[in-house]
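Load the model in your viewer and keep the selection panel open. Each stop below names what to select and what to look for there.

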Amino acid sequence: MATATAAAAVVVEVAAAASPEPLVKLAEIPGRGRALVATRAIKPGEVLLSESPLLLYPATIASNYCSQCYRSLSAGGHRCLAGPPPSPWLSETIGRLRSHVGEPDLFSQACFLAAAYDLAAFSPSSFSLFLSLQGSHTDPSASVLHALLSSLAPSPLPPGFSPDLTAALLAKDKLNAFGLMEPFREEDSGERRVRAYGIYPKASFFNHDCLPNACRFDYVDGDGENNTAIVVRAIHEIPEGREVCLSYFPVNWNYKERQATLLQDYGFKCECDRCQVEKNWKDEDEDQEEEIVESMDEEDGMEGMEEDNGGVGGEDDGDFPHAYFFIRYVCDRENCGGTLAPLPPAPGGTTSSVMECNVCGRCKTDDGFGGDASMLDE
């Protein structure tokens, strides 16, 4: 989701984030356009990217989290480690928005605009990088949001403040924002809430696939200074030259849900291998696959299935060629449906046998689920 003008610098930094050698590089793929591909064979669990946000903004009006690092305040004793505080103009603007705007989505988008204009004033180079990201579709709410910010933001307004720039910024945000999620709770029935949104220019190069070979983790309530960073890890082995993809939403969504979201939010129709299989399914076919996956014991269910480094089974999978992916890489905790990826390999390169869920945080070994990653490391 970033333009070619910024590609070279960003790709170098992507590789340097977790490895002395580049793990991914930018390439043109026929029919898909610009993409990140593996520069060598990648092991399961290898960290492909660890990136801090270019800018952050709240997703909710609630203020039960730190306004700077977005850690929860419910535990008490919070000490923010996020570095320099936001500018007085940005702090006052978000405070006024929180007091006067009652609609969460409108509040969040207005906070994004305030953060983006503040970035332009205090870090022109970072703002230029943000403007290099893809996104050109006009947001119908741009004029409303511009007027709202004009009326509530303190004077003087940032340099360059204009309806045209506001519309351009909203288009970039729509295609490139990543959500930092609230911790998983079983009572949420799978509707995991977003606490904050961030712009991560390097991560924006990852294209979508409905059977991804990498997934992202965030640890917003974690310790340390980089709690708002996102980490992308390989789900399974990725051959040299293979495109590295994320799923832009939970992998257990059905075909209609996936296609509707991709078309509405990203402007394209997915033609991945999984969608090619599922596009002619009837509703009962999806129900049948869900029943098969739920009823298969993991050990017995994977007999005869061979992974092809793409996360799907071989020719013996019948009508459900991606059953292997769901058995091996989708968390079976109630109301979760997150994606499982191994913990990073040991310093010597040995692949971890511990799989971590990127939604509920539980870790799974051959003996089943244990605690979270920190507990298994002890």
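Select Q259 first: beyond its neighbours within four places in sequence, Q259 is in contact with K269, C270 and C275 (contact: heavy atoms within 4.5 Å). A polar side-chain atom of Q259 lies 2.9 Å from the backbone oxygen of C270. Q259 counts as buried because its relative accessibility is 10%; buried means under 20% relative accessible area, exposed over 50%, partly exposed in between, with a 1.4 Å probe and protein chains only.

This is a predicted model: local features need pLDDT of at least 70, side-chain atom pairs count only at pLDDT 80 or more, and totals for chains, interfaces and linings use all residues. Residues are numbered from 1 along each chain as its sequence is written, and side-chain values use heavy atoms, leaving out hydrogens and water.

Next, select helix α5, residues 142-152. Which residues of α5 are buried? They are A142, L145, H146, L148, L149 and L152. They lie on the same side of α5, because they cover an arc of only 160 degrees around the axis (the arc of directions from the helix axis to the C-beta atoms). S143 and S151, on the other side of α5, are exposed. Now show α2 (88-100), α3 (104-122) and α6 (163-176): the buried residues of α5 pack against them.

Last, select the open sheet of three strands, order β3-β9-β8, with antiparallel pairing. Strands pair if DSSP finds at least two bridges between them. β3 (47-51) and β8 (214-218) are the edge strands, each pairing on one side only. Five bridges join β8 to β9 (residues 230-234). Zoom in on R216: V232 in β9 stands opposite.

Definitions and conventions:
Helix = DSSP H or I, 4+ residues; strand = E, 2+ residues; numbered from the N terminus. Polar contact = N/O pair within 3.5 Å; in protein donor to acceptor, adjacent residues only side chain to side chain.
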